[in-house]
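Subject: A structure for you to look at

Hello,

Here is the structure I promised to hand over. Please open it first, and then read on for a short tour of what turned up.

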Amino acid sequence: MPLHTENTGKGKRVVLAFSGGTDSCYSAVKLSGLGYSVEALVLDMTGDGEFLRSARARAQSIGIHCKILDVREAFRRSVADYFTAEYLSGCTPAPCTVCNPLVKWKFLYEYATGNGFDHIATGHYFRLTESGGNHFVTRAADAAKDQSYYLWMVPQEALAMALTPMGGEIKSEVVARAAAPVQKESMGVCFLGGSDYRGFLRHRAGDHPSCRPGEVTDRAGNPVGRHDGCAFYTPGQKRGLSLPSGWAVMGIDAARNRVITGPGDELFSSRLVLENCIIIGDRLHGNFIPEIWIRGIGRNPRGGAHFTQNPRNNIRDCVMDTGYLPNHPVDKTGTGSMSRLILDLTEPAWAPAVGQPVVFYDGDLVVGGGWLSGFA
């Protein structure tokens, strides 16, 4: 939903997902300046008292009411348990993709609808486009900060209420004009607090076989070294292993606690199998070739993809329905059919990992996505 002129929001109430960082503070100031009555909603996902005190103080400093909502149990089930289970099973998790619909946007939406708010808002860098009765997550003006890749599972009813104050902003310009308190950028997985995910896994599942030392092999199964635990590695990784020059992790065999390695130039894949797909609208029908992203930051395939439908499914079976996503740590979608699509990429993707989201774009519009389950 666009934000245009002063007093756009006069008389309207908006609840803003708030962390006290630069983006959420600026969003609050901008929305207030447009006439909205803004309330900050801080989601307590980990019990970090210092974070909660800081966020409350920031909200007070810019003159908005702050509500703290305890969502720790939901976060543990939907994100922390999922994150752990994916690594232990040899997959690569995408915690932000899961957290957004199952925790952040879910509780923001439920709080707003339960307390008479007109809109919801976040500090995410993305825009929204309405077309054909559907709401499409759309790339942000700031390509370096764009977060549209992580929002493809957010349901339609939440998007219909959303304002996107950061969608047209350039982060460096926001910081340069000191439009909001400036904090150090948070990097990596937020709930790890800057620490290594291996320590997180050891703390939660240190006795699991995937966290124990094991063999590093080549693709033929010949031993070439040792590893600290197959859960600590992902396709394309080189660090932490003594490998021949140009080699990298090819795959994870969690059943045997093995890390499979080989030449990095053999990590390209042209045919991807996706499960639990969500498709918005009808833009993937006919001869349309969407742009494909397999990771939010890093090396993405340059081309698009042709779709092959599973004989038991039609692509129309994947269309997102209107129900909100259930809180479930395993079924990462929960909307649409449990459908399977095969993508034939026009240019191969480097080091795609089972468990990653694959997101479809039509220009700047996110038109769907699915979870990489294998290769055909």
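A word on naming: helices (H or I, at least four residues) and strands (E, at least two) are DSSP runs, numbered from the N terminus. This is a predicted model, in which local features need pLDDT of at least 70 and side-chain atom pairs count only at pLDDT 80 or more, while totals for chains, interfaces and linings use all residues. Residues are numbered from 1 along each chain as its sequence is written, and side-chain values use heavy atoms, with hydrogens and water left out.

**The chain as a whole**

The chain has 7 helices and 17 strands. Of its 376 residues, 52% are buried, where buried means under 20% relative accessible area (1.4 Å probe, protein chains only). A contact means heavy atoms within 4.5 Å; among contacts between residues at least 6 apart in sequence, 70% join residues at least 24 apart.

Two strands pair if DSSP finds at least two bridges between them. By that rule, 5 strands form an open sheet in the order β3-β2-β1-β4-β7, with parallel pairing. Its edges are β3 (65-70) and β7 (162-163); each has a single partner strand, so one side of each is left without a neighbour in the sheet. Strand β1 (residues 13-17) is joined to strand β4 (residues 119-121) by 3 bridges, and the two run parallel. Val15 has Ile120 in β4 as its bridge partner.

Helix α1 (residues 22-33) packs on this sheet, touching β1, β2 (37-44), β4 and β7, and its direction makes about 170° with that of β1. Helix α4 (residues 95-114) packs on the sheet too, touching β1, β2, β3, β4 and β7, with its direction at about 135° to that of β2. For these angles, axes are lines fitted to C-alpha atoms, for helices over the stretch in contact, and angles run from 0 to 180 degrees between N-to-C directions.

**The mixed sheet**

Another open sheet has 4 strands in the order β9-β8-β11-β10, and its pairing is mixed. Here β9 (223-227) and β10 stand at the edges with a single partner strand each, so one side of each is left without a neighbour in the sheet. From one strand to the next, the twist averages 30°.

β10 runs antiparallel to strand β11 (residues 258-263), joined to β11 by 6 bridges. The two form a hairpin with 4 residues between them, and Asn257 in the turn has a positive phi of about 50°. Gly251 stands opposite Ile260 in β11. β10 is mostly covered, with 6 of its 7 residues buried.

**The second largest pocket**

A pocket, on a 1 Å grid over the protein atoms alone, is an open set of points where a 1.4 Å probe fits, with protein on both sides within 12 Å along at least five of seven lines; lining residues have an atom within 4 Å of a point. The second largest pocket is lined by 17 residues, and Pro235, Met250, Gly251, Pro352 and Phe375 lie nearest its centre. β10 (247-253) and β12 (268-279) are the elements that give two or more residues to this lining. Which element gives the largest share of the lining? That is β10, with 3 residues.

**One more residue**

Glu157 lies in helix α5 (residues 156-161). At 19% relative accessibility, Glu157 counts as buried. Glu157 and Asn134 are 23 residues apart in sequence and 9.8 Å apart in space, C-alpha to C-alpha.

Enjoy looking around!

Best wishes

How values were computed:
Buried means under 20% relative accessible area, exposed over 50%, partly exposed in between (1.4 Å probe, protein chains only).
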